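Hi,

Here is the structure I said I would pass on.

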Amino acid sequence: MADRPLTLMAVHAHPDDEASGTGGVLARYAAEGIRTVLVTCTDGGCGDGPGGVKPGDPGHDPAAVAAMRRTELEASCEVLKVSHLELLEYADSGMMGWPTNDAPGSFWQTPVEDGAARLAELMRRYQPDVVVTYDENGFYGHPDHIQAHRITMAALELVEAAPKVYWTTAPHSMMKRFGEVMREFGADFEEPDDPTEAVDLHSIGLPDEEVSTWVDTTAFGDQKFDALAAHASQGENIFFLRMGKERFNDLWGVETFVRVKDSTGAAVPETDLFAGLR
Ligand SMILES: [Zn+2]
């Protein structure tokens, strides 16, 4: 273990998820000298296009969107000081129920073992000490997030790596505050124009006492916000940007996880993903 740096690997679905979900821990651990590896599974081609063109509308070109989002992802990684960015480049499957779910080559249509084999190869190369991904609901039900979860857990079966494995989560107390802030800003997840885009806030996260790991990243709030802002083309979909830096950091300054694998014996609740490893 001494011949390589402590390593964090975060497996995410789309460009921008690294910032919203784990921007704080990526920035914090990079600042502590830990190697940070970000694996982004899809190209984000179902995002908004230049000029805000929505997926499925005339003029929406997934290849052009993917190219634009790759540049934004690289800028975000620069802000977060991510050591290594790895792209699996599967086609974005879009939100659950979209026709893009069934497109050949979409991440959702990719056999789990194919994605897992590619991810396992990266795990062999980087030998991460800590792996972070989503829970089995992909945190909020997006097919690519669910698939990222599945290939990560399958890859971990193939490789002897990662003494600690985590799923991102949010304690119900935080989701409640988030719901209040959203209402204050006039947004409501539960009554979107398109019911297929409804996200049930109550189905997200865990009771506070089931959250194992609370990492204080408030000192890195500016970086997290700036990384999110680097995904400017998706700004309309990124509610957090409307909150402003201070409110954002106040709400999401502590990043929370549930520990699903551990061979260090570190006591929970813990405040450090690397507890027991250094
Ligand atoms: Zn995503």
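**Salt bridges, zinc and a strand**

The structure holds 19 salt bridges (a side-chain nitrogen of Lys or Arg within 4 Å of a carboxyl oxygen of Asp or Glu). Before the details, some housekeeping: this is a predicted model, where local features need pLDDT of at least 70 and side-chain atom pairs count only at pLDDT 80 or more, while totals for chains, interfaces and linings use all residues. Residues are numbered from 1 along each chain as its sequence is written, and side-chain values use heavy atoms, with hydrogens and water left out.

One of those salt bridges is D16 with R69, with the closest N and O atoms 3.2 Å apart. D16 sits in the loop between strand 1 and helix 1 and R69 in helix 2 (residues 62–80), so the pair ties together parts 53 residues apart in sequence. (Helices are DSSP runs of H or I, at least four residues, and strands are runs of E, at least two, numbered from the N terminus.) Both D16 and R69 are buried, i.e. under 20% relative accessible area, with exposed being over 50% and partly exposed in between (1.4 Å probe, protein chains only).

K164 and E270 also form a salt bridge, at 3.0 Å between the closest N and O atoms. K164 is in strand 5 and E270 in the segment after strand 7, 106 residues apart. Both K164 and E270 are buried. Elsewhere, salt bridges with shared partners join R28, E32, D272 and R278 into one network.

Now the metal. The zinc ion is coordinated by H14 (ND1), D17 (OD), D17 (OD) and H145 (NE2), at 2.1 to 2.5 Å; donors are N, O and S atoms within 2.8 Å of the metal (3.2 Å for Na, K and Ca), and water is not among the atoms, so sites may look incomplete. H14 is in the loop between strand 1 and helix 1 (17–31) and H145 in helix 4, 131 residues apart. H14 and H145 are both buried.

Last, strand 4 (residues 130–133) is covered on both faces: V130 and V132 on one side, V131 and T133 on the other, are all buried. Strand 4 pairs in the parallel sense with strand 1 (residues 7–12) over 3 bridges, where pairing takes at least two DSSP bridges. Strand 4 also runs parallel to strand 5 (residues 164–169), joined by 4 bridges. V131 has V165 as its bridge partner in strand 5.

Cheers
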